[in-house]
Amino acid sequence: MKTKWVAAMGHEELLAKLEARQALIVHFSHRAAMRGDLVYPTDLHQVLAEREAWALSCSVLTPGHSMDVVGSVGVVLEPRTAEDVLRVHHDDAGAFEVGMESLSMGKALSDASFDESIDLVVPGSYNEWRVRGAAPKGLFVVNPAVIMVRQEISFEGPDGPMTTIGEVPISLDAVRATFPGWPIWTMTSAGPQVL
């Protein structure tokens, strides 16, 4: 019988550390093909509707971060328990799942691993937290002036219309229209800011 994993950090301590760092946990609509043809905005609608049974790869963003995260727009998540945070790492954790077990190079959440996952990020890289069961709080946009997402695009091919999946620019207004009623944040050098 498999036993439930217990975090070395309590829920209140986790939330306090996130607040002290003005940190946001964000699951991004990935630039790469991570799950076949699942693209923006369907991928983020599933996260907001809490239809994701598997662990989500997230980055934890803090004021003034110099990370090159994996997407332009994502969902801000707040853990309901410390056990919602499965693993944390200061770089790409090479995460994958076998059945419902989330595996990665990351460490279990603790006071030390929390700090390492933020403090040891190499500029131009990104951190990865594996999260399952956290509550969606809204949307996040890295740079409101430049938003790129993976979508199905159609074009005229030599034998007629063709479709493929590629990166396309969208506006902040398009994000708002796609996710009505959800707050949208960005991260500034002074901390999270509602757009």
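R80 is partly exposed, with a relative accessible area of 41%. That value, like the others in this talk, comes from a predicted model. The side chain of R80 meets that of E50 in a salt bridge, 2.9 Å from N to O. R80 sits in the loop between β3 and β4, and E50 in the loop between α2, residues 42-48, and β2. The two residues are 30 apart, and the pair links distant parts of the chain. E50 counts as partly exposed too, at 44% relative accessibility.

How many salt bridges does the structure hold? The number is 6. Salt bridges with shared partners join K17, R21, D111, D115 and D119 into one network. I will go through two of the pairs in it.

D111 forms a salt bridge with K17, and the closest N and O atoms are 2.8 Å apart. D111 belongs to helix α3 and K17 to helix α1, so this pair ties together parts that lie 94 residues apart in sequence. K17 also forms a salt bridge with D115, where the closest N and O atoms are 3.1 Å apart. Here again the pair links distant parts of the chain, K17 in helix α1 and D115 in helix α3, 98 residues apart.

D111 is partly exposed at 38%, and D115 is partly exposed at 22%.

Now to helix α3 itself, residues 111-119. Its buried residues are S113, F114, S117 and I118. They cover an arc of only 130° around the axis, which puts them on the same side of α3. What covers these buried residues? The cover includes α1 (11-20), β2 (56-61), β4 (85-89) and β7 (128-131).

Next, the sheet. In an open sheet, 8 strands stand in the order β4-β7-β2-β1-β3-β8-β11-β12, and the pairing is mixed. Which strands stand at the edges? They are β4 and β12, the latter residues 191-194. Each has a single partner strand, so one side of each is left without a neighbour in the sheet. From one strand to the next, the twist averages 40°.

Helix α1 lies across β1, β2, β3, β4 and β7, and runs at about 145° to β7. Helix α3 packs on the sheet and touches β2, β4 and β7. The direction of α3 makes about 50° with that of β4.

Last, strand β3, residues 73-78. How many of its residues are buried? The strand is mostly covered, with 5 of its 6 residues buried. On one side, β3 pairs with strand β1 (residues 24-28) in the antiparallel sense, over 4 bridges. Within that pairing, V26 has V76 in β3 as its bridge partner. Strand β8, residues 135-141, also runs antiparallel to β3, and 6 bridges join the two. There, V73 stands opposite V141 in β8, and G74 stands opposite F140. As background, the side chains of a regular strand alternate between the two faces of the sheet.

Conventions. Residues are numbered from 1 along each chain as its sequence is written. This is a predicted model: local features need pLDDT of at least 70, side-chain atom pairs count only at pLDDT 80 or more; totals for chains, interfaces and linings use all residues. Side-chain values use heavy atoms; hydrogens and water are left out. Buried means under 20% relative accessible area, exposed over 50%, partly exposed in between (1.4 Å probe, protein chains only). The arc is that of the directions from the helix axis to the C-beta atoms. Contact means heavy atoms within 4.5 Å. Two strands pair if DSSP finds at least two bridges between them. Axes are lines fitted to C-alpha atoms, for helices over the stretch in contact, and angles run from 0 to 180 degrees between N-to-C directions. A salt bridge is a side-chain nitrogen of Lys or Arg within 4 Å of a carboxyl oxygen of Asp or Glu.
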